[in-house]
Amino acid sequence: MKIVIAPDSFKESLSAPDAAAAIARGVLAACPAADIVAIPMADGGEGTVAAVLAATGGQWRSSAATDALGATAQAAWGWLADDTAVIEMAAAAGLEQVPPQRRDPLRATSRGVGELLRAALDAGARRIILGLGGSATNDGGAGMLAALGLRILDAQGKPVADGGAALAQAARIDVAQLDPRLADVRIEVASDVDNPLCGPHGASAVFGPQKGATPEHVRQLDAALSHFADLSAGVLGRDERDRPGAGAAGGLGFAAHAFLNATFRPGVEVVAELGGLAQAMEGATLAFTGEGRMDEQTLHGKTPAGVARIAARAGVPVVALAGSLGDGYEKLYGVGITAAYSLASGPMTLAQACEQAAGLLTDRARDATRLFLAGRTA
């Protein structure tokens, strides 16, 4: 019996590869003869590189990069055999890397993302996959572009400071020194966000508060991003601020649309394609997926929904395992989830659940497999 195991990470407890291994132990406890195909998954956010490399046998690489607060640190990225680089912006400018008391969306920079892109170009990448989840920034991708050679200048002809707030001082954009190698590389953005850059549904209003922005900061940042979009439109001859995904990662999606000629795809689709998930589903009897929390929002580009849709096309039932099940998770039944279970075996704190996640995941996978097998023999 072939069983496909394709979970996302369980935040603050298990990586996607570790979650897949825990589920596999449970399946084999119930069905020792099972043919396990494990494909760790991600949706473009933190953990995307690890999932892709685990699924493809790619290599880890590391480069120095500026973090969201301007310090230099080492950031990991991935390299595949076909000269594809896999980068997650959270590795250089991630929100989880910044303690809550130090989060500063006015000054946080995406410069390190551009430095990782430059490292990939230096390595000879012909294709770059860029995951946009989990950003600490709200600078419209200006820092990333500056690292790639774009000059954003004030009225005195000096480069503006890093951070979204400083864009209000921009007077001119100079593209002359933008890295010419960008024209010869295919950049694919993996993101599940379709927000525009500005306005009530834009980067600042929707995502700014979780990065520490007050209502006044949101107004200030939204105005600065709108000004940056105006200047960009003047240089490019087109306005990209309302393109779906322009508001992703604090507006880094806008920069990718406008200056990198990137294509946008749901992150789960990109990872599934690289890992061969559709092919793995062929001839499978059962599939498992999961993530830390599932609710109605899981329908919108998250891993369990993406795995379920692919499994449904192959006629494979899917069991979803989650740390918790929130409001509206039942709507996942409509996209191919057959049954969903939370991990907790009894009253416990979040810290306890995270600490015991591997064992709980194994237990639930074992129980679900036993139930499935009993139904087949009844």
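A polar contact is a pair of N or O atoms within 3.5 Å; within protein, one must be able to donate a hydrogen and the other to accept it, and residues adjacent in sequence count only if both atoms are side-chain atoms. The structure is a predicted model, in which local features need pLDDT of at least 70 and side-chain atom pairs count only at pLDDT 80 or more, while totals for chains, interfaces and linings use all residues. Residues are numbered from 1 along each chain as its sequence is written, and side-chain values use heavy atoms, with hydrogens and water left out.

**Stop 1: the two domains**

Select residues 2-39 together with 293-377 as domain 1, and 48-267 as domain 2; these bounds come from an automatic or database domain assignment. The domain centres, taken over C-alpha atoms, are 32 Å apart.

Next, display the interface. Seven residues of domain 1 are in contact (heavy atoms within 4.5 Å) with six residues of domain 2. About 400 Å² is buried between the two domains, 61% of it on carbon and sulfur atoms. Buried area here is the accessible area (1.4 Å probe) that two parts lose on being put together, summed over both. Across this interface the rule finds zero residue pairs in polar contact, with both residues at pLDDT 80 or more. On the side of domain 1 that touches domain 2, the residues divide into three nonpolar, two polar and two charged. In this scheme Ala, Val, Leu, Ile, Met, Phe, Trp, Tyr, Cys and Pro count as nonpolar, Asp, Glu, Lys and Arg as charged, and the others, Gly among them, as polar.

**Stop 2: Asp174**

Select Asp174 in strand β8 (residues 172-174). Helices (H or I, at least four residues) and strands (E, at least two) are DSSP runs, numbered from the N terminus. Is Asp174 buried or exposed? Asp174 is buried, with a relative accessible area of 17%; buried means under 20%, exposed over 50%, and partly exposed in between (1.4 Å probe, protein chains only). A polar atom of its side chain lies 2.9 Å from the backbone nitrogen of Ala176. Leaving aside residues up to four places away in sequence, Asp174 touches Gly149, Leu150 and Arg151.

**Stop 3: salt bridges**

A salt bridge is a side-chain nitrogen of Lys or Arg within 4 Å of a carboxyl oxygen of Asp or Glu.

Select Arg127, Arg186, Glu188, Arg265 and Glu273, which are linked in a network of salt bridges. Within that selection, Glu188 and Arg186 meet at 2.5 Å, N to O. Glu188 is buried at 4% relative accessible area, while Arg186 is partly exposed at 48%.

Move to Asp239 and Arg241, whose closest N and O atoms are 2.8 Å apart in a salt bridge. Here Asp239 is partly exposed at 41% and Arg241 is buried at 13%.

In helix α13 (residues 357-377), select Arg366 and Asp363, which lie three residues apart, about one turn of the helix. Their salt bridge has its closest N and O atoms 3.4 Å apart.

**Stop 4: positive phi**

Most residues other than glycine have a negative phi. Asp83, in the loop between β4 (72-79) and β5 (84-88), has a positive phi near 65°. Asn261, in the loop between α8 (252-259) and β10 (263-265), has a positive phi near 55°. Asp83 is partly exposed at 33% relative accessible area, and Asn261 is exposed at 68%.
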